[in-house]
Amino acid sequence: MSQAAVREAPRALTHDRSTVEAVINLYLDGLYESDVDKLAAAFHPTADLRWQEKGEFHVLTRADWLERVSKRPSARSQGQQRHDFVMTVDRSDESTVFVKVKCALPPRFFTDYLVLLKLTDGWQVVSKAYRYEMRE
């Protein structure tokens, strides 16, 4: 590998990482603002959300989730502080990333597990599993 190729490789990785981070930031902003356009841009149309509540397994389509989001007041409009941050980014290869984030819509505090794939149109969340706890 040439010296120039070695110098170029880190930039390519950084560019891809920042693109993943842009999608995650779009997701977190969309959650905080209850902005379905931002959330729709971050999530692939076939993505779903999965969680367990009171021992029961649930699956929600992206469309149904976005409808729910559109009907709830945003944390931002209620003057709530943001409680979101990225815990881990695990990149399997150039087109697959697993991201663990913490976020909140008080009184619910979430841990989200997001799978992103680099598709022809760029990075998108293709699956989300999460858990939450209630806090005062």
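**Reading the features**

Author: Let us begin with Asp84, which counts as partly exposed because its relative accessibility is 22%. Buried means under 20% relative accessible area, exposed over 50%, and partly exposed in between, with a 1.4 Å probe and protein chains only. This is a predicted model, in which local features need pLDDT of at least 70 and side-chain atom pairs count only at pLDDT 80 or more, while totals for chains, interfaces and linings use all residues. Residues are numbered from 1 along each chain as its sequence is written, and side-chain values use heavy atoms, with hydrogens and water left out.

Reader: With which residue does Asp84 form a salt bridge?

Author: Side chains of opposite charge can pair when their charged atoms come close. A salt bridge is a side-chain nitrogen of Lys or Arg within 4 Å of a carboxyl oxygen of Asp or Glu. Asp84 forms one with Arg82, and their closest N and O atoms are 2.9 Å apart. Arg82 is partly exposed, at 35% relative accessibility. Through shared partners, salt bridges join Asp29, Arg82 and Asp84 into one network.

Reader: How many salt bridges are found in the whole structure?

Author: The search finds nine. Another of them links Asp48 and Arg50, again with closest N and O atoms 2.9 Å apart. Here Asp48 is buried, at 15% relative accessibility, whereas Arg50 is partly exposed, at 32%.

Reader: How is an aromatic pair read, and how are Trp51 and Tyr130 arranged?

Author: Rings of Phe, Tyr and Trp (its six-membered ring) pair if their centres lie within 6.5 Å; planes under 30 degrees apart count as stacked, over 60 as edge-to-face and the rest as tilted. By this rule there are six aromatic pairs. The rings of Trp51 and Tyr130 are stacked, at 5.2 Å centre to centre and 20° between the planes. The pair links distant parts of the chain, since Trp51 is in strand β1 (residues 43-53) and Tyr130 in strand β6 (residues 122-134), 79 residues apart. Helices (H or I, at least four residues) and strands (E, at least two) are DSSP runs, numbered from the N terminus. Both Trp51 and Tyr130 are buried, and together with Phe110 and Tyr132 they form one aromatic cluster.

Reader: Which residues touch the most other members of the largest nonpolar core?

Author: A nonpolar core is a set of buried Ala, Val, Leu, Ile, Met, Phe, Trp, Tyr and Cys residues joined through side-chain atoms within 4.5 Å. The largest has 30 residues, and Ile24, Tyr27, Phe43, Trp65, Val99, Leu114 and Leu116 touch the most other members. At least two residues of this core come from each of α1, α2, β1, α3 (62-70), β4, β5 and β6. The largest share, seven residues, is supplied by α1.

Reader: What is to be noted about the backbone at Ser34, Lys54 and Pro107?

Author: Most residues other than glycine have a negative phi, and most peptide bonds are trans. Ser34, which is not a glycine, has a positive phi of about 50°. Ser34 is placed in the loop between α1 (3-33) and α2 (36-42), and is buried, with a relative accessible area of 13%. Lys54 also has a positive phi, near 50°, but Lys54 is exposed, at 85% relative accessibility. The loop that holds Lys54 runs between β1 and β2 (56-61). Finally, Pro106 and Pro107 are joined by a cis peptide bond, with omega about 15°. Pro107 is in the loop between β4 (96-105) and β5 (108-119).
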